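Q: I'm new to this one. Can you walk me through it?

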Amino acid sequence: MLKSIDLGQQPRGNGFLLPRDVENELTFHLTMGLCGSCTMAQLQGEVPQELRYHDSYPYHASVSAVHREHFEGNARYFLEHELTGPDPFIVEIGSNDGVMLATIAQAGVRHLGVEPSKEVAELSMARGVRVLSEFFDETTATKIRLEHGPADVIFGANCIAHIAHLASVCRGVESLLGPDGVFVFEEPYFGAVVDNTAFDMIYDEHSFYFAVRSIKAMAERFGLELVNAEPLPLHGGTMRYTLGRPGMRTPAPAVAEFLEEERARGLGEHETLLRFSARVERIRDDLNALLARIRAEGHRVVGYGAPAKTTTVTNYCGIGPDQIPYVVDNTPAKQGRLVPGTHIPVLPPSAFHEDYPEYALLFAWNHAEEIMAKETAFRDRGGRWILYVPDVHVL
Ligand code: JHZ
């Protein structure tokens, strides 16, 4: 595998830490490359999964209203189109706080979330979701099949690309899936990462960066067939992949169309990533220059949103509390903690409302519409938003 992108020494993307823990912070060298044969984009190292998805994993999928609506929509779709036989069964890998399965549970349909992170698993259980608090792999899949029988739907969102032991996941899916079952997963689309120069999507949790071509190759390697690829607007560009058993479903034309598009644009080529890498350096330089200019003018910039992406961008660009005194985030589990590596304090949104600086750097750029709609008072007082994706600009 050729190294294409080097984002330097980085901590864990979601390793938001307490001030007393800064001494022992874990860091690793963050690089990404493409597989020479199947073109799967992937990290070149691995932080052990127990250090990434631990009991207090701080990402709660339900904090965004847009996401809640999206996942409720997914659940309704499955209930209407896939979970229609006698006593159907759906398994979700990485069910987080139950954002999708809560609707399935309310409908009284047999389901099982597989979620190793205890606190989010407990949140989902409080919503009536049944959860197995373990990592999903071939062994877990065999256990689930023995206890519950085959699954009509196996679902995963922002999770399958996180699992470094992807081969074991695929073998597990293959053994757990019913004869006409579907394996549906939604993950940030590698084509969108490249289009947006969204280098902040690269962090320890994202072991893989899926494209239609690499998922087709993966499906075939594990005895499955890619039957649909549907683009979604979430996370700056997501793709929903549907896999079934070979010959059981007619592939949608979108599969061949995306394959051709990816070939034509050279998505699986090393040179594409080298150009991406050059654009990333430009963003770093432009962002640092802008922050320095704003400071020289006597104005202040704070951060809005503390997604895992904040970790990559602040560490790569060398942005710390001197440039950004704090970031605000509505996730209680992140408040009172520090951004990994750069140790910028994370405060609740009320800190922003009591302060209203001249500029806010929008780390949660994928939620721009939702955030800007609720923060109109900031703009009304003359505040300006700074975005760095797909390039550095001020709104
Ligand atoms: P958000 C997550 O990444 C985590 P992250 C994960 N690793 C993954 O794979 C990707 O998704 C795809 C806050 N916020 O969704 C909440 C506000 O403060 O971009 C979140 O901390 N106010 C599983 O972490 C953050 O912003 C708001 O109004 O990059 C957004 O995180 C809203 C809407 C959000 O995911």
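Predicted model: local features only at pLDDT ≥ 70, side-chain atom pairs only at ≥ 80, totals over all residues.

Q: Okay. Which domains is the protein divided into?
A: Domain 1 covers 40-268, and domain 2 covers 271-394.

Q: How far apart do the C-alpha centres of the two domains lie?
A: The C-alpha centres of domain 1 and domain 2 are 29 Å apart.

Q: And how many residues does the contact take from each domain?
A: Domain 1 puts in 23 residues, and domain 2 puts in 20.

Q: Which helices supply the side of domain 1 that touches domain 2?
A: α2 (65-81) and α7 (190-195) do, with at least two residues each.

Q: What about that side by class?
A: The side of domain 1 that touches domain 2 has 12 nonpolar residues, 8 polar ones and 3 charged ones.

Q: New topic: the largest nonpolar core. Which residues touch the most other members?
A: Ile154, Tyr304 and Val327, out of 114 residues in that core.

Q: Which helix gives the most to this core?
A: Helix α10 (residues 270-296), with 6 residues.

Q: Which domains does the core draw on?
A: This core takes at least three residues from domain 1 (40-268) and at least three from domain 2 (271-394).

Q: Back to Ile154. What is it in contact with, leaving aside neighbours within four places in sequence?
A: Val91, Ile93, Val173, Leu176, Leu177, Gly181 and Phe183.

Q: Last stop, helix α4. Which of its residues are buried?
A: In α4 (residues 118-125), Val120, Ala121, Leu123 and Ser124 are buried.

Q: How are those buried residues arranged, seen down the axis?
A: The buried residues of α4 fall within an arc of 155 degrees, so they line one face of the helix.

Q: And what do they pack against?
A: The buried residues of α4 pack against α3 (101-106), β5 (110-114) and β6 (131-132).

Methods. Residues numbered from 1 in each chain as written. Domains from an automatic or database assignment. Contact = placed C-beta atoms within 7 Å. Helix = DSSP H or I, 4+ residues; strand = E, 2+ residues; numbered from the N terminus. Nonpolar A, V, L, I, M, F, W, Y, C, P; charged D, E, K, R; others polar. Core = buried A, V, L, I, M, F, W, Y, C linked by C-beta atoms within 7 Å. Buried ≥ 20, exposed ≤ 12 C-beta atoms within 10 Å, placed from the backbone. Arc of directions from axis to C-beta.
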